[in-house]
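Here are some notes to read alongside the structure, in the order I would look through it.

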Amino acid sequence: LIGLAGQSCAGKNIVAELLAEKCWAVIDADKVAHTILQEQSNSVIARFSSPAEKQGLHLRAQDGSLDRKALSALLFSDPALLAEHEAFILPKIEARIRSLITAALTEQPSRPIVLNAPTLHKTSLTPECAFILYIKAPFLMRLIRGKKRDSISLCRLIARFLQQRDFFTQYRAQNADIVSVVNARSVQSLRTKIERILREKGF
């Protein structure tokens, strides 16, 4: 099991695709989180509707589903609310990820697994990773990728980037075996770097 983390819009998903091509099992923590959030949407709405309404936000969309953009706007406006949400939702996400790891190991015990998890440091899975690939890229390049991918304002995009400034430090604080990879050129250049690291690590 290796971890895949790094800066937003730096190229983590590209690395995950490269490893999938090598027949690694890929677990996408963002997809797991989306599924869990859907399953827990009524509980989340019940927990946070009151503070949301004070800010003029409505967490339930017209079709009755959870409005994730409204939830995101609420949570990132108040660190205490974000912490409350994470305390509620992260254990459920981690439990689901562990079940996926177990299933992958049961299916093919010798097959390596990559956990694509931007907030891996917030779980207890970090010490279980043989090492962590931490993907970085120049700020301007990330900004351009983010605008193309997410179609959100520059202010929101920059705010998201700033919230992630200490992620690398938190991995260091956990004594993780972390390998930084700068994705500043082509996909082929990134592929070459990843293949070299995997050879050095014995894969």
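This is a predicted model: local features need pLDDT of at least 70, side-chain atom pairs count only at pLDDT 80 or more; totals for chains, interfaces and linings use all residues.

1. Cys-23 sits in the loop between helix 1 and strand 2, and its phi is positive, about 70 degrees, although the residue is not a glycine. Cys-9 also has a positive phi, of about 65 degrees, and it is not a glycine either. The place of Cys-9 is the loop between strand 1 (2-6) and helix 1. With a relative accessibility of 6%, Cys-9 counts as buried.

2. Helix 1 against helix 9. How are these two helices oriented to each other? Helix 1 covers residues 12-21 and helix 9 covers residues 187-200; they pack at an angle of about 60 degrees, and their axes are 10 Å apart. The two helices are therefore oblique to each other. Their crossing is right-handed. On the helix 1 side the contact is made by Ile-14, Val-15, Leu-18, Leu-19 and Glu-21, and on the helix 9 side by Val-187, Leu-190, Arg-191, Ile-194 and Leu-198. Sorted by class, this contact of helix 1 with helix 9 has eight nonpolar residues, two charged ones and no polar ones.

3. The aromatic rings. The count comes to two aromatic pairs. In one of them, Trp-24 and Phe-203 are tilted, with 5.1 Å centre to centre and 45 degrees between the planes. Trp-24 lies in the loop between helix 1 and strand 2 (25-28), while Phe-203 lies in the segment after helix 9, so the pair ties together parts that are 179 residues apart in sequence. Trp-24 is buried, at a relative accessible area of 5%, whereas Phe-203 is partly exposed, at 45%.

4. The ring pair of Phe-131. Phe-131 and Phe-203 also form a tilted pair, here with 6.0 Å between centres and 55 degrees between the planes. This pair again links distant parts of the chain: Phe-131 is in the loop between strand 3 (113-116) and strand 4 (132-136), and Phe-203 in the segment after helix 9, 72 residues apart. Phe-131 counts as buried, with 2% relative accessibility. Taken together, ring pairs link Trp-24, Phe-131 and Phe-203 into a cluster.

5. A histidine in a loop. Is His-121 buried or exposed? Its relative accessibility is 5%, and it therefore counts as buried. His-121 lies in the loop between strand 3 and strand 4. Leaving aside neighbours within four places in sequence, the residues in contact with His-121 are Thr-126, Phe-167, Gln-170, Tyr-171 and Gln-174.

6. Ile-135 and its surroundings. Ile-135 belongs to strand 4 and is buried, with a relative accessible area of 0%. Which residues does Ile-135 touch, not counting those up to four places away in sequence? They are Leu-4, Ala-5, Gly-6, Gln-7, Ala-10, Gly-11, Lys-12, Val-15, Val-181 and Asn-183. One of them, Val-15, also takes part in the contact of helix 1 with helix 9. For a sense of distance, the C-alpha atoms of Ile-135 and Ser-50 are separated by 38 Å, and these two residues are 85 residues apart along the chain.

7. Helix 3 against helix 5. The axes of helix 3 (residues 41-54) and helix 5 (residues 79-107) come within 12 Å of each other and cross at roughly 170 degrees. An angle over 145 degrees counts as roughly antiparallel, so helix 3 is roughly antiparallel to helix 5. From helix 3, Ser-43, Val-44, Arg-47, Phe-48 and Pro-51 meet Leu-81, Glu-84, His-85 and Phe-88 of helix 5. The residues of this contact divide into five nonpolar, two polar and two charged.

Notes
Residues are numbered from 1 along each chain as its sequence is written. Side-chain values use heavy atoms; hydrogens and water are left out. Axes are lines fitted to C-alpha atoms, for helices over the stretch in contact, and angles run from 0 to 180 degrees between N-to-C directions. Helices (H or I, at least four residues) and strands (E, at least two) are DSSP runs, numbered from the N terminus. Angles under 35 degrees count as roughly parallel, over 145 as roughly antiparallel, 65 to 115 as roughly perpendicular and the rest as oblique. A crossing is left-handed if the near helix is turned anticlockwise from the far one by less than a right angle, and right-handed if clockwise. Contact means heavy atoms within 4.5 Å. Ala, Val, Leu, Ile, Met, Phe, Trp, Tyr, Cys and Pro count as nonpolar, Asp, Glu, Lys and Arg as charged, and the others, Gly among them, as polar. Rings of Phe, Tyr and Trp (its six-membered ring) pair if their centres lie within 6.5 Å; planes under 30 degrees apart count as stacked, over 60 as edge-to-face and the rest as tilted. Buried means under 20% relative accessible area, exposed over 50%, partly exposed in between (1.4 Å probe, protein chains only).
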